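My comments follow as numbered points, to be read with the model open beside them.

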Amino acid sequence: NRVFSAANADVAQQSAAIVAKTGGRMVKWWLTAHDSRVRPAHVQAGEDYTREKAIPLEEPFMVDGEELMYPLDPNGSAANTINCRCVSLQAVVEG
């Protein structure tokens, strides 16, 4: 999952550069597995960063006091990232 999450973030960054040339920008949001095993902090991230409350791609998510660029970000603590099943989704928006 960590490799998928990192690759997804890399592709999103590459896409953002292309999108910027067209006048658009990319945003991201946090999506949990929506079951009883999701950490409370990740449930909160899923509520804080919905599609409607998406943040710019280059900004970090604040999850349990840590700045994470994406779920399973290796810069996060083990307690906040190991066995995480969340994903970051992206979309293109105008301007």
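1. Helices (H or I, at least four residues) and strands (E, at least two) are DSSP runs, numbered from the N terminus. Buried means under 20% relative accessible area, exposed over 50%, and partly exposed in between, using a 1.4 Å probe and protein chains only.

2. Please keep in mind that this is a predicted model, in which local features need pLDDT of at least 70 and side-chain atom pairs count only at pLDDT 80 or more, while totals for chains, interfaces and linings use all residues. Residues are numbered from 1 along each chain as its sequence is written, and side-chain values use heavy atoms, with hydrogens and water left out.

3. Let me start with the sheet. Three strands make up an open, antiparallel sheet in the order E2-E1-E5, where two strands pair if DSSP finds at least two bridges between them. Strands E2 (55-56) and E5 are at the edges with a single partner strand each, so one side of each has no neighbour in the sheet.

4. The pairings can be followed residue by residue. E1 (residues 24-31) is joined to E2 by 2 bridges; Lys28 stands opposite Ile55, and Val27 has Pro56 as its bridge partner. Between E1 and E5 there are 8 bridges, again antiparallel, with Arg25 opposite Val93. E1 is mostly covered, since 6 of its 8 residues are buried.

5. Helix H1 (residues 2-21) lies across E1 and E5 and runs at about 160° to E1. Axes here are lines fitted to C-alpha atoms, for helices over the stretch in contact, and angles run from 0 to 180 degrees between N-to-C directions. The 20 residues of H1 reach 30 Å from first C-alpha to last, close to the expected 28 Å; that expectation is 1.5 Å times one less than the number of residues.

6. Which residues of H1 are buried? They are Ser5, Ala9, Ala12 and Val19. These cover an arc of only 85° around the axis, which puts them on the same side of H1; the arc is that of the directions from the helix axis to the C-beta atoms. The buried residues of H1 pack against E1 and E5, whereas Val3, Gln14, Ile18 and Lys21 are exposed on the other side. Just after the helix, Gly23 has a positive phi of about 90°.

7. Beyond its neighbours within four places in sequence, Ser88 is in contact with Asn8, Lys28, Trp29, Phe61 and Pro71. Val92, also in E5, is exposed at 52%; leaving out residues up to four places away in sequence, Val92 touches Val19, Arg25 and Met26.

8. Finally, the largest nonpolar core has 11 residues, among them Trp30, Ile55, Phe61 and Cys86. Such a core is a set of buried Ala, Val, Leu, Ile, Met, Phe, Trp, Tyr and Cys residues joined through side-chain atoms within 4.5 Å. Helix H2 (40-48) and strand E3 (61-63) each supply at least two residues of this core. Not counting residues up to four places away in sequence, Cys86 touches Trp30, Leu31, Thr32, His42 and Pro71.

Terms used. Contact = heavy atoms within 4.5 Å.
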